[in-house]
Amino acid sequence: MSQQLYALDDSLLAFPPTEFALTDPNGLLAVGGDLSPERLVVAYQNGIFPWYSDHDPILWWSPNPRAIIETNAVKINRSLAKFIRKCDYKVTVNHAFEDVIDLCADAPFRDDDTWILPEMLEAYVRLHHQGHAHSVEVWQHGELIGGLYGVAVNGFFSGESMFYRKDNASKIALIALANKLRSIGVGLIDCQIQNPFLQSMGAVEIPRERFMQMKHSALNIIPDHKFWLATEIAVS
């Protein structure tokens, strides 16, 4: 198989097949193009996402292996379960998308430069307004203390980033998202690349080919617009 980085045609939305991604762990596939909603939707439909740093061109990735969380397999240890029972957090969907993505970009626990550049932020806000990108917010006494955002296409949710300001807030956002998706038969949260936090919450790595098969089997589960209307959701 040819090992080359594909340059996208600015006039076309097509991506090369994911198996053409370079064999580095994160699966760099292509460079160029733009962050238009149309291109982003096509990317996510094909298991591809953008990720790049300031002063870099737009880079597109399809990792192998791929990190996922099955919505019926989220790990809640004893101490977290006890915390959930006692906390006074409230969880909502799509109440504060722009605030969530802003706070994800500036999360204080990050020890490197953010990849959520201004143009990325603007692109995902556009996706949100078109009904493809969604946020989960965690509140305490009216203060936004945690959350996550991602893209929902073709019956699965691709998580992009999360933040927390109070204990366990991002964990509770993830648990609530899994509960909401599972309620309509969505079995897959795409976590893209494994990290210790995701692993502690039940994320596993699977071959990219298996991920693409799971993604394809989810095509018949497409939440309608009402599913993502701003609402409060349960954690337990």
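## Basis of the description

Two strands are said to pair if DSSP finds at least two bridges between them. Helices (H or I, at least four residues) and strands (E, at least two) are DSSP runs, numbered from the N terminus. The model is predicted: local features need pLDDT of at least 70 and side-chain atom pairs count only at pLDDT 80 or more, while totals for chains, interfaces and linings use all residues. Residues are numbered from 1 along each chain as its sequence is written, and side-chain values use heavy atoms, with hydrogens and water left out.

Ala30 has Trp60 of β4 as its bridge partner.

## The eight-stranded sheet

A second open sheet, of eight strands, is ordered β11-β5-β10-β9-β8-β7-β6-β12, again with mixed pairing. Its edges are β11 (204-206) and β12 (231-233); each has a single partner strand, so one side of each is left without a neighbour in the sheet. From one strand to the next, the twist averages 35°.

Strand β10 (residues 188-192) is largely enclosed by the rest of the structure, because five of its five residues are buried. Buried denotes under 20% relative accessible area, exposed over 50%, and partly exposed in between (1.4 Å probe, protein chains only). In a regular strand the side chains alternate between the two faces of the sheet. Both faces of β10 are covered, with Leu188, Asp190 and Gln192 buried on one side and Ile189 and Cys191 on the other.

Strand β5 (residues 66-70) pairs with β10 in the antiparallel sense over four bridges. In β10, Gln192 is the bridge partner of Ala67, and Leu188 is that of Glu70. Strand β9 (residues 156-164) pairs with β10 in the parallel sense over two bridges, and Phe157 has Ile189 of β10 as its bridge partner. The chain passes from β9 through α5 to β10 in a right-handed β-α-β crossover; right-handed means that, with the strands pointing away from the viewer, the path from the first strand over the helix to the second runs clockwise.

Gln192 counts as buried because its relative accessibility is 7%. Excluding residues up to four places away in sequence, Gln192 touches, among others, Tyr44, Phe49, Arg66 and Ser158. Contact here means heavy atoms within 4.5 Å.

## Helix packing

Helix α1 (residues 37-45) and helix α4 (residues 118-129) have axes that come within 10 Å and cross at roughly 80°. Axes are lines fitted to C-alpha atoms, for helices over the stretch in contact, and angles run from 0 to 180 degrees between N-to-C directions. The two helices α1 and α4 are therefore roughly perpendicular; angles under 35 degrees count as roughly parallel, over 145 as roughly antiparallel, 65 to 115 as roughly perpendicular and the rest as oblique. Pro37, Leu40, Val41 and Tyr44 of α1 meet Ala123, Tyr124, Arg126 and Leu127 of α4.

Helix α2 (residues 78-86) packs against helix α5 (residues 169-182) at an angle of about 85°, with the axes 11 Å apart. Leu80, Phe83 and Ile84 of α2 make this contact with Lys171, Ile172 and Ile175 of α5.
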